[in-house]
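This text leads you through one protein model, from its overall layout down to single residues. Keep the sequence and the 3D view open while you read.

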Amino acid sequence: MSDAPLLRDTERTTGRSALQNNIQAAMALASAVRSTLGPRGLDKLLIDDDGRTLVTNDGVTVLESAKVEHPVARMMINASSVQDKIARDGTTSTVLISAEMLQNAWHLVTQDVHPAVIARGFRMAETHVHEILDEFALKSDKAHRLMATRTSMAGKGHHSMQVLLAQLAIEAAENIHVQTSEGIVADPTRVKVLPQSGGSIADTRLVTGLVLAKNRIHDDMPRTIGAGKILLIDGGIERRSMKSDMKINVTAPGVLDSFRNKEVELLAEQVEHLKTLGIRLLACKEGIDDEARILLAQAGIQAFRRVARTDLDLLARGCGATLVSDVKRAHSNDLGAFISSKNENWSGVSHWIVETEEGGATLIACGSTETVIGEVERSFADALGVACRMLEDDRLLAGGGATHVALARRLRRFAESIPGREQLGAEAFADALEVIPRVLAENAGLDPIDTLLKLVAQQVNGGEDAHHIGLDVLERQPANMIENGVLEPYLIVRQSIAGATEAAISILRIDDVLWAKQDPSMPNIPEME
Ligand code: ADP
Ligand code: MG
């Protein structure tokens with residue numbers, strides 16, 4: 001049966017031309033972020049549909065905001081987003097390595113090596129990467145972890161901001177980590193960031209507990225309370241709002257009054273229920289009516305209203321509470337515990353600070369303008385992600401391309417031991433890793449080939465610590481990266497190579513592309529020999 005009628009509105013590319021087309025898309029994407037890699041990487045100005053601008057040096061941010069429709073390009077963007085989620089860093093490297101693997105694979109395809117064979121070679125090399133990285137990995141101390149956190153902010157902001165944020169990120173990660181049966185888990189989403197305009201970056205600080213720019217709803221409520229129970233309501237303590245088409249027939253004098261009294265009674269019943277639950281602290285997503293406010297103040301309960309859902313979730317996690325939809329349904333099992341809750345006035349704005357059993361911290365991100373604060377927030381998010389990963393596995397690797405150069409050397413030797421054509425795939429994989437030092441050199445205004453040759457030569461003569469020799473981009477010359485404090489978490493490097501390999505292999509496996517639409521848009525395509 002012919003598939004012609006079925007595929008009438010479908011554009012189809014098969015075999016080699018499909019592969020070529022897909023690899024071009026991957027390379028186009030890599031070329032969009034190439035210039036951002038490393039501390040000498042340049043920034044990109046992103047402008048969205050509404051004309052909002054964002055200056056960033058972050059590969060994944062550039063890619064995620066690009067309106068790319070090509071499915072293969074989207075696969076690469078996904079690989080970068082996964083890296084961002086899992087490791088928070090190494091996103092640009094993932095895309096660069098993956099695209100380089102594909103480009104090298106293409107050279108082999110033109111020499112009649114089958115893509116499936118290349119993919120097998122990639123897989124063999126990748127398994128070996130883990131062993132080699134395990135061997136290279138260094139145990140770290142706190143000073144090393146601080147340097148690795150700082151390296152993750154390379155290219156973002158000033159040196160002094162990096163030092164400050166690295167310290168705060170490590171402190172925050174320590175604050176939120178929990179010991180589980182599977183080891184330490186530190187979830188960066190447990191740290192809240194509260195932007196505060198005015199002041200300078202140097203005022204940025206970490207506060208233990210959750211901070212919200214909120215005031216308690218009645219001045220008679222206690223300003224500070226010690227440990228107690230908290231209830232979180234995903235609603236409010238309000239009169240029922242009347243539907244617009246609702247009517248009340250007033251048939252006798254006093255009916256309206258008794259209707260209102262009944263409503264107040266219902267509010268009072270809710271407060272009574274809260275009193276029997278024995279709570280000292282209350283947070284609602286919606287409003288709290290005046291009558292209830294007064295009764296709560298009389299009951300000595302500290303209460304807050306219009307608390308954002310995200311903050312309620314953070315409170316729930318910190319206090320071990322369950323959100324309830326309304327007061328009447330609240331049960332003693334839904335309550336959580338807090339250590340202290342206080343209202344403080346910071347430069348004229350009231351803030352609510354809650355400390356909880358499960359830890360939790362808030363970064364008060366300061367800066368002179370919104371753009372500066374945005375930069376502080378993004379850099380901190382990277383640093384925190386890295387600090388959290390390092391609590392889970394504190395091993396480190398040398399940065400500045402040192403690990404990649406050493407890995408490539410080792411993998412080329414390993415490739416020689418593969419008897420079949422997969423050897424060529426493994427070699428192509430090894431070569432692809434060198435894209436990192438080459439692009440770091442390029443972005444520092446150095447010759448990429450000369451730099452790579454220098455690095456390899458120094459590693460060959462480098463003795464035991466050879467795999468620590470990388471390109472110090474700030475000094476523009478090869479150096480021992482551990483001594484110079486350019487360190488990267490083991491998990492991030494490993495994940496970025498693994499993610500790049502997955503993406504490259506899945507793209508190599510495609511030999512038939514069916515487009516449901518007429519006009520597939522491609523990003524700018526670079527020339528390919
Ligand atoms: P990614 O999105 O991949 O994390 P970055 O722009 O953050 O990209 O660059 C990370 C790379 O920059 C890593 O390979 C890291 O080792 C390297 N790097 C950071 N600081 C330095 C430095 N001072 N000298 C050399 N390389 C550095
Ligand atoms: Mg980075």
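The protein chain has 16 helices and 20 strands. Helices (H or I, at least four residues) and strands (E, at least two) are DSSP runs, numbered from the N terminus. The model is a predicted one, in which local features need pLDDT of at least 70 and side-chain atom pairs count only at pLDDT 80 or more, while totals for chains, interfaces and linings use all residues. Residues are numbered from 1 along each chain as its sequence is written, chains are lettered from A and ligands numbered from 1 in the order in which they are written, and side-chain values use heavy atoms, with hydrogens and water left out.

Along the principal axes, the C-alpha atoms of the chain fill a box of roughly 95 × 65 × 45 Å. Of its 529 residues, 50% count as buried; buried means under 20% relative accessible area, exposed over 50%, and partly exposed in between, with a 1.4 Å probe and protein chains only. Among contacts (heavy atoms within 4.5 Å) with a separation of 6 or more, 75% join residues 24 or more positions apart.

The chain is assigned three stretches of domain: domain 1 (10-138 + 397-516), domain 2 (142-209 + 364-394) and domain 3 (210-242 + 258-358). Such bounds come from an automatic or database domain assignment. The centres of domain 1 and domain 3, taken over C-alpha atoms, are separated by 51 Å.

Now look at two pairs of helices. Helix H5 (residues 115-136) packs with helix H16 (residues 490-509) at an angle of about 175°, and their axes are 10 Å apart. Axes are lines fitted to C-alpha atoms, for helices over the stretch in contact, and angles run from 0 to 180 degrees between N-to-C directions. H5 and H16 are therefore roughly antiparallel; angles under 35 degrees count as roughly parallel, over 145 as roughly antiparallel, 65 to 115 as roughly perpendicular and the rest as oblique. Residues making this contact include Ile-118, Phe-122 and Leu-133 of H5, and Val-493, Ile-497 and Ile-505 of H16. By class, the contact of H5 with H16 has 13 nonpolar, two polar and five charged residues. Here Ala, Val, Leu, Ile, Met, Phe, Trp, Tyr, Cys and Pro count as nonpolar, Asp, Glu, Lys and Arg as charged, and the others, Gly among them, as polar.

In the second pair, the axes of helix H12 (residues 402-416) and helix H13 (residues 422-433) come within 8 Å and cross at roughly 170°. That makes H12 roughly antiparallel to H13. Leu-407 and Leu-411 are among the H12 residues in this contact, and Phe-429 and Leu-433 among those of H13. The contact of H12 with H13 divides into eight nonpolar, two polar and four charged residues.

Which residues of helix H9 (residues 290-298) are buried? They are Ala-292, Leu-296 and Ala-297. These residues lie on the same side of H9, because they cover an arc of only 135° around the axis, the arc being that of the directions from the helix axis to the C-beta atoms. Their cover includes helix H8 (255-277), strand E11 (281-284) and strand E12 (302-304). Just after H9, Gly-300 takes a positive phi of about 75°.

Most residues other than glycine have a negative phi. Arg-306, in the loop between E12 and helix H10 (309-319), has a positive phi near 50°. Arg-306 counts as partly exposed because its relative accessibility is 48%. Arg-476 lies in the loop between strand E17 (469-472) and strand E18 (477-480), and its phi is positive too, at about 55°. With 42% relative accessibility, Arg-476 counts as partly exposed.
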